[in-house]
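Welcome! Here is a short briefing to read alongside the structure below.

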Protein chains: 2
Amino acid sequence: MPDKSSKREKAQQELPAASRRLQMADIARMAGVSVSTVSRALAGSQLINEQTRQRIADLARSLNYSINAGAQSLRTRQNRTVAVVVPLDSATRQHVSDPFFLSMVGSLADALTERGYDMLLSRVDAEHLDAVSRLYDTGRAVGIIMIGQWLHHDQLNAMALRRLPVVVWGAQLPQQLYCTVGGDNVLGGALATAHLLERGRRRIAFFGDARFPEVAQRLEGFLLAHQRAGLTVPEQLKLSVAFAEDSARAALKHLLDAQIAFDAVFACSDLLAMTVINGLRAVGKRVPDDVAVTGYDDIELARYFHPELSTVRQPVVDAGRALVDQLLKIVAGETPESVMLPTELVVRATS
Amino acid sequence: MPDKSSKREKAQQELPAASRRLQMADIARMAGVSVSTVSRALAGSQLINEQTRQRIADLARSLNYSINAGAQSLRTRQNRTVAVVVPLDSATRQHVSDPFFLSMVGSLADALTERGYDMLLSRVDAEHLDAVSRLYDTGRAVGIIMIGQWLHHDQLNAMALRRLPVVVWGAQLPQQLYCTVGGDNVLGGALATAHLLERGRRRIAFFGDARFPEVAQRLEGFLLAHQRAGLTVPEQLKLSVAFAEDSARAALKHLLDAQIAFDAVFACSDLLAMTVINGLRAVGKRVPDDVAVTGYDDIELARYFHPELSTVRQPVVDAGRALVDQLLKIVAGETPESVMLPTELVVRATS
DNA sequence: ATACGACTTGCAATCGATTGCAATATGATC
DNA sequence: GATCATATTGCAATCGATTGCAAGTCGTAT
């Protein structure tokens, strides 16, 4: 090759070949063919002679060569990466470490792996949720799965309007432009409540922060079950409790201090339920004899708890699959419906 | 522009501009400057007139434009993504769902976010661990963090030989070519054991699978503590227990059925410990009165357990930071030492 | 009026792959 | 032996950005 080379990009040439990342041109040179042929061979094109193809494939494998993802996706305009976003609460500066969300991440990782997708995991400040779109705008991911809609209904709608491929784990809301996958929270709330009522409990305290859509729906189910039983719920028993340990402890303390009678607690997460049970135990109340408690989520450790926790199961594995399925549909240009997954009550020992 | 255009790539032009992903050329056209200028403006180059820069930046922001990551990393040969790998056990076809690993993922996500890196999360079949290198070979990630070395010491060494930037959460081993970050397992094992001995326990059962390097070291500490106290451990009390619930249950059943006396259990994970405690309770043994139990990891739920679990804390947050730090050093061309993080005993109610 | 330097901006090559079309080799057909 | 269809392979443009160098503008000193 004559002096067509410029002195522009110099670093490359001077490095010892060994320490450079292998690229298609290297394979081509070693195989004595052109880059096009290597590209086609590795893509399994019919155009390439079977022997050549095999030879190139073997060579590439033996050298541990793999195609540069950036270059490939640049040229083909596609990639196989999905962004999963776990919003973190900047207000409390605390990381969303609820085991339920973590297990959802695990389930998503599996579902994506099954389908040959990679997962880009981001924690994003819930206040700057729009930063999420960057993951898509930069072409890093073909779509976004958000775990938890929290208080961000409007922002999510805005994102959907911008035509961002996004699916959200959460509740279905009226006026919702984005696709959600979630459990049947009304049913879940109703099931747990009806169960407690059936057990003869009449003063069931609700522990949850109804600003969150999912919790609001569970509250709705809670009230519905009472209504069906011809009962009304005193305001005192509807406690606004954040998904945080001290919040649950404070609420329990409030009930006890104010001497508000209650014989059951419907907690909106298993962690809340466990905190409540431990708090009750600390003041000498027995579970479920004095107070029955149900949780929500059915995290793995609910079975390990003592007494084993009665709870409403969220189908994490199905959820992971469904979230991925719906997202891929959106990516494929469809506009899939939101999905509501079946929810079931798991009665164990705390109720 | 004259007829220099070919009919090759046609899709692009015909699409309504709205549905196409915005690119630098669009911004350039709208701002009435060249692509180079936009590139420099967005990169904050001093070469660009401040007003122009501001104008372009505003335009880009208002249009929600962000630079295509693939093209950028192709050109600059760098990117800000780290792959985190959670091996999954293909033998049992079971997903590694231990809360400890999940919380490590969370901690890594935080540590990476702090440093402006994205996290690519993969679950990889432990049998085909070499697939991991693909994440690097394809240029998708600048380096790899493996959570758990399991039984793959040799494969990890091989990867290090291939000069893959990789850091592993696990134990330091002799002849180790890769960088690890881990707790002081020998110390951890010794601390818990010494504590149980101090409490007057003399027949402590060890629950763990010593094929795993970390567990082997905990066993070493376990034996060391006995030795220091002038005691020896009967073989019967060293039980090989996998990180799985049924395995723990079976081991406990074996102890009881064979009427092997024991007054304490040192379990190599909190999940194991909880399983043991529940099993003991099922047969009417009291914890810690009849049998004291300590776990390992100090997962968040250890505090929620009843009785609250005594355990050896693994510093998950520091671990995340350290793993990231070491990896970035490797990426920067250094060859950092392995890190051993401090380990402490947390005495709660089960011992 | 000319020249020179300081600022700004644009041109065009480049990153590592993919792919339409042209080019070549091979064998079959007449 | 010339022609043509078929099977393989290579050339060169392209994806969306970055960046060295050239070129342009403007003010001012000569």
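Helix α8(B) is followed by Arg163(B), whose phi is positive, near 65°. Helices (H or I, at least four residues) and strands (E, at least two) are DSSP runs, numbered from the N terminus. This is a predicted model, in which local features need pLDDT of at least 70 and side-chain atom pairs count only at pLDDT 80 or more, while totals for chains, interfaces and linings use all residues. Residues are numbered from 1 along each chain as its sequence is written, chains are lettered from A in the order in which they are written, and side-chain values use heavy atoms, leaving out hydrogens and water.

**Helix α8 of chain B**

- Along α8 (residues 153-161) of chain B, the buried residues are His153(B), Leu156(B), Asn157(B), Met159(B) and Ala160(B); buried means under 20% relative accessible area, exposed over 50%, and partly exposed in between (1.4 Å probe, protein chains only).
- These residues lie on the same side of α8(B) because they cover an arc of only 160° around the axis, taken from the directions from the helix axis to the C-beta atoms.
- Asp154(B) and Leu161(B) are exposed, on the face of α8(B) turned away from its buried side.
- The cover over the buried residues of α8(B) includes α7 (131-137), β3 (143-147) and β4 (166-169) of chain B.

**The sheet**

- Twelve strands form an open sheet with mixed pairing, in the order β11(A)-β5(A)-β4(A)-β3(A)-β1(A)-β2(A)-β2(B)-β1(B)-β3(B)-β4(B)-β5(B)-β11(B); two strands pair if DSSP finds at least two bridges between them.
- At the edges are β11 (339-341) of chain A and β11 (339-341) of chain B, each pairing on one side only.
- In chain A, β5 (residues 179-183) pairs with β11(A) in the parallel sense over three bridges, and Gly183(A) stands opposite Leu341(A) in β11(A).

**Nonpolar cores**

- The largest nonpolar core has 153 residues, and those with the most contacts inside it are Leu121(A), Phe207(A), Leu121(B) and Phe207(B). Such a core is a set of buried Ala, Val, Leu, Ile, Met, Phe, Trp, Tyr and Cys residues joined through side-chain atoms within 4.5 Å.
- A second, separate core of 36 residues includes Leu120(A), Ala141(A), Tyr178(A) and Met146(B).

**How the two chains relate**

- Chain B is superposed on chain A by a rotation of 180° with 0.0 Å of shift along its axis (RMSD 0.0 Å), fitted by least squares on the C-alpha atoms of residues with pLDDT of at least 70 in both.
- That is the relation of a two-fold axis.
- The same surface serves both copies, as 100% of the contact residues of chain B recur in chain A; contact means heavy atoms within 4.5 Å.
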